[in-house]
Amino acid sequence: MQFMKLIISGALTLILVLFLNGNINIPGVDSPPFGKLLNPSSGVWKNGENSNYKNLNFESDQLTSPVQIIYDDRMVPHIYADNLADALLAQGYVEARHRFFQLDFIKRLASGTLSEVLGERTLNLDKQQRRKGLKYAAENAIKGWQNFPESVNLIENYIKGINLYARQLTDKTKPIEHKLIDMPIQEFTMLDAALVSKWMADVLCGRSSDIQYTNLRNALGGERFDFLYPDKGEIVEPVIPSSVSYDFDSLYISDSESGDLSFIKGYEGDLYPQSPKGIGSNNWAVGSEKSTYNAPIFANDPHLNLTLPSIWYELSIHIPGHNIYGVSIPGMPGLMMGFNDYIAWGETNVGQDVKDYFLINWVNKEKNEYLLDGKTMVAEVRVETIPIKGKSEVKDTVLYTHWGPINYSSTDGERDYAMRWISIDVPSKPEFMTFIDGMMAQNYDQYLEGTEAFLSPAQNFAFASKEGDIALRVNGLLPAKVNGDGKFIEDGSLSSNDWQAFIPRDQNPQVKNPERGFIASANQRSTYNTYPYYYNGRFEYSRNRSINEFLREDRQFSVEDMKAFQLNNRSMQAIDALPIILNLLDESQLSTDNNSYLKEVKEWDYTYDKDSEVATYYDIWWSTIRNKTMDEIFALSDSFNITYPEEWRLVEILKDHPEDEIFDIVETAKVETASDIVFDSYISMVETIEKAKREGRKIEWGAYAPLDIFHLARIPAFSSTEMNVGGHPDALNAIGSTHGPSWRMVVQLTDDIEAYGVFPGGQDGNPLSPYYLYSMDEWSSGNYHKLQNPTEPEKVNGKQYSIILNPKK
């Protein structure tokens with residue numbers, strides 16, 4: 001195996017005898033304990049054995065009744081229990097059995113304790129996580145959960161299942177990554193479960209542009225900023241159709257109550273990394289009248305950073321009255337997306353801004369007291385101790401204010417910015433129950449009630465049922481904003497600048513059985529202007545219109561149609577932009593050789609298929625146009641943090657304002673227009689392609705912009721890189737350099753439900769397992785597995801082995 005060769009080669013190179021039974025730290029590299037790694041009885045060799053795939057029968061004092069777990073030929077566990085508590089214990093057990101390193105790694109990533117096992121290289125990341133307050137948020141979550149003892153009992157049972165497996169691990173059987181990194185086995189706790197939840201919230205709603213927008217507005221002026229950075233574009237197709245009216249009395253918040261917009265001095269230092277373009281999802285459903293089966297069809301594909309092992313774990317849960325199939329995030333109980341005997345459900349990210357920044361007005365040099373509404377407040381001081389493998393521990397002080405933790409301090413030490421983030425608040429409900437109660441719903445009323453506990457990150461909860469209903473709710477706790485709240489840094493000495501209220505859940509945008517016959521979301525804006533509440537954020541403008549265009553067709557759809565939609569590589573952004581830039585291009589100045597490329601671009605079908613060279617031509621051309629146009633914005637990045645205008649805004653300016661000053665290149669004497677930028681960028685594209693061809697580089701899109709799916713710890717031998725696949729962040733098949741559809745699912749809600757799904761990778765997190773990359777080829781080829789949800793253990797097709805858990809006598 002590849003990794004075995006890597007170990008042997010490395011050991012020979014570094015002279016194995018020097019490493020026996022210990023670590024030697026090479027600068028920048030923490031060397032593994034080779035003596036332990038190569039031990040014939042407990043080293044990495046044992047991870048290559050199939051000892052994890054055999055029948056087991058044992059007792060546990062945590063159970064109240066027997067549980068049977070049947071693994072099928074894709075290593076999907078089917079759990080059969082007499083009650084929900086025992087089923088969740090079994091869920092925790094099977095997830096730990098195949099994903100223990102993942103559980104351990106994610107909790108360390110969220111809590112800022114990676115340096116304890118990976119060394120100094122992750123120290124800045126650990127500091128970042130602590131300064132963002134993820135552990136503080138997790139502690140607050142537990143405070144809220146404790147008010148619901150029955151719910152806490154359920155998550156405790158899930159955690160008991162994880163630890164049931166953790167206690168079975170030995171030096172021989174622990175994951176290969178634990179051996180390679182010399183990582184200790186730790187039991188999972190309630191805090192760890194909350195950390196996994198907050199890590200996911202950080203991925204999906206931890207983004208903010210307040211600081212960048214403040215910097216840009218101060219540099220450009222209000223009028224110019226508003227021109228380049230409007231809240232929404234001309235072409236908007238929100239999640240909730242225009243036919244929906246909002247017949248309710250909205251909360252009244254006056255401008256004075258919500259606070260005045262403040263345009264204060266910005267922050268020039270480095271910002272924490274934010275999610276790249278394409279992080280989001282698609283979901284949709286068609287009603288019976290638009291289905292060839294006279295029954296709804298549901299589809300969902302979340303777009304996330306792709307890792308090995310996958311973020312998702314596939315399983316089914318069977319308890320009296322409920323047969324449920326779907327995917328979970330290891331570390332969180334319940335199924336986040338899936339189907340049961342009655343319904344199908346899934347989510348996409350909402351994208352509304354729920355993180356604001358406030359400038360703190362300190363009253364002393366020690367920075368432990370600050371002003372709020374004219375009163376002196378004492379900041380909470382948390383001294384974070386960060387253990388570092390092979391080094392002394394590091395202490396980092398994080399100050400907490402009324403708003404939240406201090407995230408950033410100016411380079412001159414004069415200004416400090418506190419973060420107000422919705423996911424850090426003490427929850428009023430046990431959020432984790434969302435995916436437990438939701439997965440057991442049998443109709444939309446039950447689903448609405450079951451998912452009411454969900455707070456953040458706000459998601460578009462889509463639904464379809466055998467009864468014929470299709471529905472979607474923008475679900476989560478959302479601040480009731482007015483007057484542009486949350487778009488810029490605000491004055492932290494006034495509590496009136498805080499959110500004054502939250503939108504009542506029944507006033508969240510939602511739709512049920514719309515006249516158009518389908519519901520759909522793809523991270524676009526939630527509503528048209530008729531919705532009474534203001535909101536800002538990061539929204540998608542291409543994929544949503546592709547979905548709506550397909551589903552508006554006057555015909556009926558099949559499961560195969562839905563699969564084809566999910567795999568569609570056509571870019572609506574290219575459909576918008578290419579005709580405009582072709583119109584701006586002065587073809588008379590092109591040489592004969594250059595015209596040959598132009599002919600192909602004109603005939604392009606806007607699809608980013610993996611074998612398409614023209615997709616590469618266009619992508620380079622468009623990227624160059626964007627870079628040349630935004631030269632003055634880029635120049636500002638030397639002084640402070642910026643963000644570029646959205647691509648949809650550049651398309652609008654190219655179309656409506658081709659003479660705008662944004663197109664003038666600062667470093668030239670000539671005053672350029674959009675036509676000049678388009679022409680120069682085209683020539684640059686041709687030169688780039690010609691150079692690549694001379695160097696022997698492949699120009700086909702899949703080879704030119706390959707997909708990398710990295711192992712969680714970025715271990716090269718455990719990663720799948722340079723994958724030649726089609727897709728683009730602006731296409732429904734939203735594949736970028738490291739992210740894409742992390743789970744594709746289509747459910748046909750006929751009397752006998754049929755469902756199909758696939759994710760990139762496999763069930764087992766062990767890199768030496770045949771089930772580690774089991775579905776990678778299926779996923780990259782656009783194929784799906786038929787999902788089985790057998791009501792009885794005897795009906796599981798392709799049974800591989802079983803585990804019987806019995807209560808201890």
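**Figure 1. The largest cavity of the predicted model.** About 350 Å³ of space lies in the largest cavity, a cavity being a set of points on a 1 Å grid over the protein atoms alone where a 1.4 Å probe fits but cannot get out; the volume is the space filled by probe spheres set on the points. It is lined by 28 residues, of which Met200, Leu204, Ile329, Met332 and Phe435 are the closest to its centre; lining residues have an atom within 4 Å of a point. Helix α9 gives the largest share of this lining, four residues. The lining comprises 17 nonpolar, nine polar and two charged residues.

**Figure 2. The second largest cavity.** This cavity holds about 60 Å³ of space. Among its 14 lining residues, Cys205, Gln352, Val354, Pro457 and Ala458 lie nearest its centre. The lining has 10 nonpolar, four polar and no charged residues.

**Figure 3. Packing of helices α6 and α9.** The axes of α6 (residues 134-145) and α9 (residues 190-205) come within 8 Å and cross at roughly 120°. The crossing of α6 past α9 is right-handed. Residues in contact (heavy atoms within 4.5 Å) include Leu134, Ile142 and Trp145 of α6 and Met190, Leu195 and Asp202 of α9.

**Notes.** Residues are numbered from 1 along each chain as its sequence is written. In this predicted model, local features need pLDDT of at least 70 and side-chain atom pairs count only at pLDDT 80 or more, whereas totals for chains, interfaces and linings use all residues, and side-chain values use heavy atoms, with hydrogens and water left out.

Note on methods:
Axes are lines fitted to C-alpha atoms, for helices over the stretch in contact, and angles run from 0 to 180 degrees between N-to-C directions. Helices (H or I, at least four residues) and strands (E, at least two) are DSSP runs, numbered from the N terminus. A crossing is left-handed if the near helix is turned anticlockwise from the far one by less than a right angle, and right-handed if clockwise. On a 1 Å grid over the protein atoms alone, a cavity is a set of points where a 1.4 Å probe fits but cannot get out, and a pocket is an open set with protein on both sides within 12 Å along at least five of seven lines; lining residues have an atom within 4 Å of a point. Ala, Val, Leu, Ile, Met, Phe, Trp, Tyr, Cys and Pro count as nonpolar, Asp, Glu, Lys and Arg as charged, and the others, Gly among them, as polar.
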